Amino acid sequence: MANEPVAIGVDVGSTTCKVVVIDGDGAILDHRVEPTHPRIEQQTTRLIGELSATLGRALPVGATGYGRQRVFGATRVLTEITCHARGAFCRVGRAAVLVDMGGQDTKIIRVGDDGAVGDFAMNDKCAAGTGRFLEVILGRLQVPFDEVWLHVSRADHGIAVSSTCTVFAESEVISLVAEGQELDGILRGLHESLAKRVASLAGALPPDASVVMSGGVALNAAMVRALSSALRREVRVLPEPQLVGALGAALSVR
Amino acid sequence: MRKAYVARQREALGRKSVAVLPVHYPKEILTAMDVLAVELWGPPGSPRGPEAGRLQTYVCAVVRNALAFMAGGHADVVDAALFPHTCDSVQGLATLVTDFGGWSKPSFVFQHPKGPTRASARKFLIAELRALAAWLGTLTGRPLDVEALRRAIRLHRAIDETKARVLARRERLPLSDRELYEALRRGEWLWPEEHLDELRELEGKLALDAPPRAGVPLMVTGYVPEPMALLDALDDAGAYVVRDDWAAVGRRVVVPRCAPDLDGDPFEALATLYYEAPECPTRSLDQEARTRRLLSLYDESGARGVIVHEPKFCEPEAFDVPAIKRAFAERGAPLLYLETELETELSGQTTTRLEAFVEMVGARRAA
């Protein structure tokens with residue numbers, strides 16, 4: 001039923017912890033986003049408690065994310081791959097290729113026309129190509145997240161960053177800065193390099209496949225543009241991309 | 001535990017022992033010569049001590065760990081080492097362990113005939129089998145007794161037949177996958193008669209009237225079921241291994257289409273069994289035959305998905321992966337390609353991939 005809260009979804013990611021309350025149609029009525037605390041049990045219990053107190057009653061809880069097993073009282077526990085697929089399908093209502101770029105890993109999920117996972121690929125070898133990678137490099141360059149797009153859009157070309165490891169890429173970026181290369185071009189090159197890695201993980205996509213994006217990195221417009229260019233098609237960012245996993249978790253217990 | 005067992009075999013029975021590197025070797029000859037085979041699959045875990053850094057991190061961990069293990073003196077309880085020519089890395093290990101690892105005990109490299117089956121390959125194989133018997137004769141001080149070899153072949157036939165029956169009905173065993181594989185893999189170091197007794201006990205536990213195990217049945221093909229935590233993760237996710245083609249386990253169970261002549265030349269019988277063994281990239285280059293067998297195993301097992309599991313940098317297995325992926329994609333069967341470290345535990349991300357695969361396959365089944 002619309003506007004009537006029916007379920008809570010918790011997505012404990014490596015960087016942020018997201019909690020949503022949804023109605024029967026999958027609309028998000030309320031949410032919380034916090035940096036993930038090392039004591040996940042306490043944090044999620046507090047957040048669920050706060051939302052339940054606001055609602056005046058307890059609701060079924062779906063849990064996902066790398067800390068999913070640490071959510072006390074969860075009615076159902078599912079991986080973020082299944083939950084992102086469910087959340088994305090709820091948003092787009094049809095088959096799609098979902099790119100979820102989170103803090104710890106990047107996933108390519110083929111969502112079927114029934115909302116189920118058709119197949120998935122996941123970079124789980126290192127932090128390259130993830131939100132953590134961007135955080136490290138942006139921190140080194142002292143560029144605030146909300147200024148990234150400004151820098152990248154000013155660059156008329158990207159300066160290639162070839163390393164595929166966060167540590168080596170950081171060293172390479174430092175060398176480029178030391179050589180006197182423009183910061184804007186370095187940042188553009190960095191995003192293009194990341195996008196190429198994600199495109200490689202995605203493999204050959206069907207010509208008519210629509211690509212949507214979730215996860216915290218989807219809030220970075222420079223990354224979305226670079227990914228669109230690498231995949232040679234429009235990449236549509238889902239509404240509230242950071243909450244898509246939590247939405248899917250809530251839908252699983254709706 | 002293995003070290004104490006090997007020592008007891010020597011003290012109580014005067015039995016010599018040989019460390020054997022993966023994968024395929026004519027164990028029947030060792031049994032016939034009263035030599036205990038103790039297989040060395042790594043062992044899992046990070047190599048420790050000053051011998052740990054002798055090979056680059058991008059070399060197969062089975063070989064990297066085995067070098068550190070042998071060079072560190074941990075295999076000194078055995079009398080010799082046998083290196084089947086499984087891959088270039090194991091072949092290289094045979095040299096490295098002697099040249100740089102301080103291994104001074106006798107070693108033998110068992111060469112597999114490569115390429116398609118033909119008369120010259122069979123002749124080469126029989127020459128290798130005889131050479132191994134001669135080397136073991138030198139080690140033990142006793143020549144091979146042909147009748148003992150015939151008995152050993154019969155014993156190992158009984159082991160394989162029992163294993164095959166247990167594996168085919170595994171869904172009706174009151175054991176977790178970890179418990180089953182721990183039991184099966186004791187054959188990597190137990191004296192074969194003891195192993196057969198244990199297998200028969202295991203077979204006795206089959207509850208044929210019980211309903212099959214609940215959960216998502218999966219098939220696995222790969223090298224070795226390590227880390228064993230992989231089996232726990234599948235169990236936790238509500239799945240189980242219904243058929244395996246792990247080189248260390250299911251792929252070494254030989255069920256010949258026609259029984260070899262066990263009363264004739266036992267070396268001919270061993271050669272016949274060799275060519276009746278399931279296809280393995282460490283012995284053959286016939287990818288097509290391997291993928292045909294895997295598809296057939298998949299169909300007859302009732303599996304709902306397949307996991308291609310290998311330790312990182314396992315070259316023979318890695319070469320087959322594209323062909324296997326293609327074959328299962330054409331069949332429309334869900335496939336997960338999983339590379340793992342040769343460790344005792346799984347990473348959180350690997351667990352997530354396994355769980356997500358089980359969720360995906362389970363959802364398809366429900367639909």
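This is a predicted model: local features need pLDDT of at least 70, side-chain atom pairs count only at pLDDT 80 or more; totals for chains, interfaces and linings use all residues.
Residues are numbered from 1 along each chain as its sequence is written, with chains lettered from A and ligands numbered from 1 in the order in which they are written.

Back to the helices, which are DSSP runs of H or I with at least four residues, numbered from the N terminus, while strands are E runs of at least two. H5 covers residues 119-140 of chain B and H10 covers residues 266-276 of chain B; they pack at about 120 degrees, axes 10 Å apart. That makes the pair oblique, the label left over once under 35 degrees is roughly parallel, over 145 roughly antiparallel and 65 to 115 roughly perpendicular.

Who touches whom? On H5(B), B:Arg122, B:Leu125, B:Ile126, B:Leu129 and B:Arg130; on H10(B), B:Phe267, B:Leu270, B:Ala271 and B:Tyr274. Contact here means C-beta atoms, placed from the backbone, within 7 Å.

Now chain A. There are eight helices and 10 strands in chain A, and its C-alpha atoms fill a box of roughly 60 × 40 × 30 Å along the principal axes. Among chain A contacts between residues at least 6 apart in sequence, 67% join residues at least 24 apart. Finally, 48% of the 254 residues of chain A count as buried, that is, 20 or more other C-beta atoms lie within 10 Å of their own.

Technical notes:
Axes are lines fitted to C-alpha atoms, for helices over the stretch in contact, and angles run from 0 to 180 degrees between N-to-C directions. Two residues are in contact if their C-beta atoms, placed from the backbone, lie within 7 Å. A residue is buried if 20 or more other C-beta atoms lie within 10 Å of its own, exposed if 12 or fewer, and partly exposed in between; C-beta atoms are placed from the backbone.
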